[in-house]
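I opened my notebook to look up a few side chains and what surrounds them. Here is the model I had on screen.

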Amino acid sequence: MSALTIPIRKFDAVIVGAGGAGLRAAIQLSEAGLKTAVLSKVFPTRSHTVAAQGGVSASLGNSEEDHWHWHMYDTVKGSDWLGDQDAIEYMCRKAPEAVVELEHFGMPFDRTDEGKIYQRPFGGHMSNFGEKPVRRACAAADRTGHAMLHALYQRNVRANTQFFVEWMALDLIRNAQGQILGVIALEMETGQVVAFHAKATIIATGGAGRIYHSSTNAFINTGDGLGMAARAGIALEDMEFWQFHPTGVAGAGVLITEGVRGEGGILRNSDNERFMERYAPNAKDLASRDVVSRAMVTEINEGRGCGPHKDFVLLDITHLDPATIMKRLPGIRDISIQFAGIDPIKAPIPVVPTCHYMMGGIPTNYHGQVVNADGSVVAGFYAAGEAACASVHGANRLGTNSLLDLLVFGKASGDSVVDAVKKNGAAHQDLPADFAERTLSRLDRLNTQKGGASVDETRLAMQRTMQKHCGVFRFKDMLVEGVAKICEIEQAVHATEIGDKSQTWNTARVEALELDNLIEVAKSTMVSAEARRESRGAHVRDDAPDTPAHPNGRDDEAWLKHSLWHREGSTLSYKPVVLTPLSVETIALKTRAY
């Protein structure tokens, strides 16, 4: 195959990923009359947004007084002051509008007795700048993401968005001037390679939790957009920050929503103690996720874990009215029965922290435009959702802000594309002569490699290395060793083979191509984590002790900055955190406690 034989399809815009962010962006584009292609490895309503359970945050104040400024404060505090305050203000101010708009798209939110959107408490959601918990999470039982994804997909069907289902984007097309001109993609069923030539490209490929051995993420979450961006010369931002959700089903990793604790669930150790009262006396079980995860791991490490191996704790809702569980948490009951063999109405659920969310990603501003390391905008390139780093989540995402992020910045990126395409006119930029060279060389390797490493074994080695060396707690020597191990595994990835081609399904080829993306994410994570010599949010190092000068091990003087990982040479650079909001006073640095 050569570049001359690759079919070229032209669109105004191409969106890679059909989860919440991609679908929300597509609505803006299609309803504005732009010819829009959406590529997805799975049918859109199977995208990972469907697994989101607890809710979407917005200061509607339907159950009690709330304010977007309080929401902003909680988000900045949750981020451990690494979030950009201009983007955070933009998101929190837009939140009520985004939720009401979604409701008008047909989202079946639960209702209060008065008919308003039902809101539940959630971890880190507080009123009056951290005073007491507030009900801010807008929910559709415990299937909020499922309801959202279907509402957005149906709106796209109405808008005649063109979907390419079971297509995998392989690489960005970038010209000598640095402009992004579309993507090269693979039809997974046939193996056909096609260039999607576009005036604007939006990456909305979601997270990459599959770099870890234990994850709540679906198998499709392989960081494809990040791998594509890194290979195109775009730096990846804040990749050391990964959120471990406190409550994954022990042994399975399947998510148990924070909404369980929002409805009154309690974490207990082997002594039946409600141990979060010792770690977060104010917020208790509804402290921020990184705080709860570390408390759980500490309980387990100090011998107060449950089960024969003392390797999990218990999430107890047996004290709740069974009718409440059946109404508000029906999916969670099903998950517990199926994956833990326990009916939570009768017995507590065994849970353990599990890799859940990537706070870092492709650097963007709050308009959804991708930015270079020097702050300049990458022409024709946009990103939204978990694949992007705006950065509204900083060092630790506040629960329910993920669904809000994809709504607000999915729309923002769509609006930015509409403005750019209409401003720049109808002409497509010419494709460079070598636009497919990198992609074809990767595919040729898979077609010709003999005696190389096994894709499955190499991926497993990567996942175990990440789990062991870069988990909930991080240790200096383990991180140094982890960098060396990941670099060794990277060499194996570049020599993987997929076996006898005449006996190989395209799924094997797809898995090998996904591993090319996973290793970029894993390496950027490990290198960035080893370099950041402080504890902040979800990144906690044993050699960054809690002192009066550095509360919780955080070093604002040296490390209040975003990391940027550059694939070329695997080097790091840094840029300042935006501490100036759009219209209100800066939320001043303080010790983060709940």
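Predicted model: local features only at pLDDT ≥ 70, side-chain atom pairs only at ≥ 80, totals over all residues.

**Entry: S563**

Is S563 buried or exposed? I count S563 as buried, because its relative accessibility is 1% and the cut-off for buried is under 20%. Next I checked its side chain, and a polar contact of 2.7 Å links it to the side chain of E240. Setting aside residues up to four places away in sequence, I listed what S563 touches: L236, E237, D238, M239 and E240, then S528, R532, S573 and Y574.

**Entry: H539**

I moved on to H539, which sits in the loop between α15 (506-531) and α16 (556-559). With 0% relative accessibility, H539 is buried too. Which side chain makes a polar contact with that of H539? I found R474, at 2.9 Å. I also noted that a polar atom of the H539 side chain lies 3.4 Å from the backbone oxygen of E534. Beyond its neighbours within four places in sequence, H539 is in contact with E240, F241, R474, A529, R532 and E534.

**Entry: W559**

I then followed the chain to helix α16, where W559 lies. Its relative accessible area is 12%, so I write W559 down as buried. Leaving out residues up to four places away in sequence, I see W559 touching L82, A531, R532, R533, E534, R536 and Y574. I also took one C-alpha to C-alpha distance: W559 and H469 are 21 Å apart in space and 90 residues apart in sequence.

**Entry: nonpolar cores**

Last, I looked at the nonpolar cores. Which residues of the largest core touch the most other members? Of its 77 residues, they are F196, W242, I362, F381 and M462. Helix α15 gives the most to this core, with 11 residues. I also noted a second, separate core of 58 residues, which includes A13, A25, L29 and Y153. Then I went back to F196 and its contacts; among them are F11, V14, L39, F164, W167 and V183, not counting residues up to four places away in sequence.

Methods: Residues numbered from 1 in each chain as written. Heavy atoms only, no water. Helix = DSSP H or I, 4+ residues; strand = E, 2+ residues; numbered from the N terminus. Buried < 20%, exposed > 50% of the residue type's maximum accessible area, 1.4 Å probe, protein only. Polar contact = N/O pair within 3.5 Å; in protein donor to acceptor, adjacent residues only side chain to side chain. Contact = heavy atoms within 4.5 Å. Core = buried A, V, L, I, M, F, W, Y, C linked by side-chain atoms within 4.5 Å.
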